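Hi,

Here is the structure I said I would pass on.

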Amino acid sequence: MAKKQDPKSWKLATKLVRGGTRRSNFGETSEAIFLNSGFRYESAEVAESRFNGVAPGFVYSRYSNPTLAMLEERLALMEGAERCCVMASGMAAVFASLMCQLKAGDHVIASRVIFGSCYYIITQVLPRFGIEYTLVDGADLGAWQKAFRKNTTAVFVETPANPTLELVDIAAVAKLCKKAKACLIIDNVFSTPLLQHPLKLGADLVVYSTTKHIDGQGRTLGGTVLGKQKFIDEVLLPFHRHTGPAMSPFNAWIILKGLETLELRVARHCENAARLAEFLENHPKIARVYYPGLISHPHYAIAQKQMSHGGPMIAFELRGGKKAAFRFMNGLRIIDICNNLGDAKSLITHPASTTHSNIEPKERARIGINDALVRLSVGIEDIDDLIADIKQAL
């Protein structure tokens, strides 16, 4: 029943709605959910040929599954990647992208401002396996150059970074990685797949928490790693298949449906965020606003070079420290206090006491995560209602 078309020739909106779709002989319009764990074979010979890779087909849902395969193909089309592997959570994707290629004696470089769980993996987990690390100030290209060693295997970057929205020049760091033959991994979750394209800028791998804007409605956990087919097939997939961070087929189906409206939702997220950032920057009770779309952002030039919009995330500091931040958050009537992000609903959190509380206070202060800082994930509500809510809470 399949029509012969090249999905790569489609525009983005069409890829997000139809990419990767596989229909059964029932001819369903909405993608089917394959909730089975295993698959039967017509013969022992067929089973052998699937396990040794001679014949195509599914063998076990920990490896892959028709619903997961649809999602992986659609995500790869969206990102412009050769191959994709989905996993149970964003952190599973981050961990797998690193550990699948590292061994004792290797060295990893990471930007200093990263999500608390990523910080924990790099500074606490990797050293247990004899893997060294160096943290650098993301915007300091000289620091990046000095950080490379002969044993540098991987480089991990969040840009915009969580929670301060620090930016890293992806193309510049990619050149350094190519010279050192190190794998550049970009966590692109804050910019979403629509606003920044790390693979085109020289990155080797892109990781997402699909929990965020890709699902976009707070329903599922999920993650994905995208890159070259050779790396995914030969390096990542053996690690993934034997360590078991598989995504649920049901979650894959939910995320598939989320992709259908991703472009529309991100446009509204960004429109709202830009308006809110301007409002906050001009409010007397706000000490500082971090938003890549504002000229006041210290890395505005980088944003203009590698992002198509300022994005859906804002961070800002209130005058009065933690007490003022908590009083403000508690006064909100529409915006929810929640450590998640990328939801249709606007969500706010206090990073120093939640998402980045595992980082030592001195290090938090060094990277700009102070007690006055809050992070706002801007939703798709009416902008006038959001502004009114923030105004009354301030």
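**What I found**

Leaving out residues up to four places away in sequence, E73 touches G20 and R22 (contact here means heavy atoms within 4.5 Å). E73 lies in helix α3 and is partly exposed, at 33% relative accessibility. The cut-offs for that are under 20% relative accessible area for buried, over 50% for exposed and partly exposed in between, with a 1.4 Å probe and protein chains only. Between the C-alpha atoms of E73 and Y300 there are 34 Å, with the two residues 227 apart along the chain.

Some housekeeping: this is a predicted model, so local features need pLDDT of at least 70 and side-chain atom pairs count only at pLDDT 80 or more, while totals for chains, interfaces and linings use all residues. Residues are numbered from 1 along each chain as its sequence is written, and side-chain values use heavy atoms, with hydrogens and water left out. Helices (H or I, at least four residues) and strands (E, at least two) are DSSP runs, numbered from the N terminus.

**T67 and its surroundings**

Helix α3 (residues 66–79) also holds T67, which is buried with a relative accessible area of 0%. A polar atom of the T67 side chain lies 2.8 Å from the backbone nitrogen of F34; a polar contact is a pair of N or O atoms within 3.5 Å where, within protein, one must be able to donate a hydrogen and the other to accept it, and residues adjacent in sequence count only if both atoms are side-chain atoms. Not counting residues up to four places away in sequence, T67 touches A32, I33, F34, P249, A252, W253 and L256.

I33 turns up again on the surface, where I33, L35 and F250 form a nonpolar patch with about 280 Å² of accessible area together. Patches take residues with over 30% relative accessible area and no salt bridge, joining like charges within 9 Å and nonpolar side chains (Val, Leu, Ile, Met, Phe, Trp, Tyr) within 5 Å; the areas come from the Shrake-Rupley method with a 1.4 Å probe, and for residues only the protein chains shown count as cover. L35 sits in the loop between α1 (12–18) and α2 (44–51) and is exposed, at 62% relative accessibility.

**Salt bridges**

How many salt bridges does a search of the whole structure find? The count is 15, taking a salt bridge as a side-chain nitrogen of Lys or Arg within 4 Å of a carboxyl oxygen of Asp or Glu.

One of them pairs E31 with K257, the closest N and O atoms being 3.1 Å apart. This pair links distant parts of the chain, with E31 in the loop between α1 and α2 and K257 in helix α10 (residues 249–259), 226 residues apart. E31 is buried at 5%, while K257 is partly exposed at 22%. Both belong to a network of salt bridges that links E31, R74, K257 and E260.

E363 and R112 also meet through their side chains in a salt bridge (3.1 Å, N to O). E363 lies in helix α14 (residues 361–366) and R112 in the loop between β2 (107–111) and α5 (116–125), so this bridge ties together parts 251 residues apart in sequence. Both partners are buried, E363 at 12% and R112 at 10%.

Then there is K103 with D106, closest N and O atoms 3.2 Å apart; K103 is exposed at 55%, but D106 is buried at 5%.

The loop between β4 (152–158) and α7 (170–180) is worth a look. P160 is in this loop, and a cis peptide bond joins T159 to P160, omega about -5°.

**Helix α15**

The buried residues of α15 (residues 383–393) are I383, L386, I387, D389, I390 and A393. Down the helix axis they fall within an arc of 160°, so they line one face (the arc is that of the directions from the axis to the C-beta atoms). Their cover includes α11 (262–281), α13 (321–331) and β12 (373–377). At the start of α15, a side-chain oxygen of D382 comes within 2.8 Å of the backbone nitrogen of D384.

Cheers
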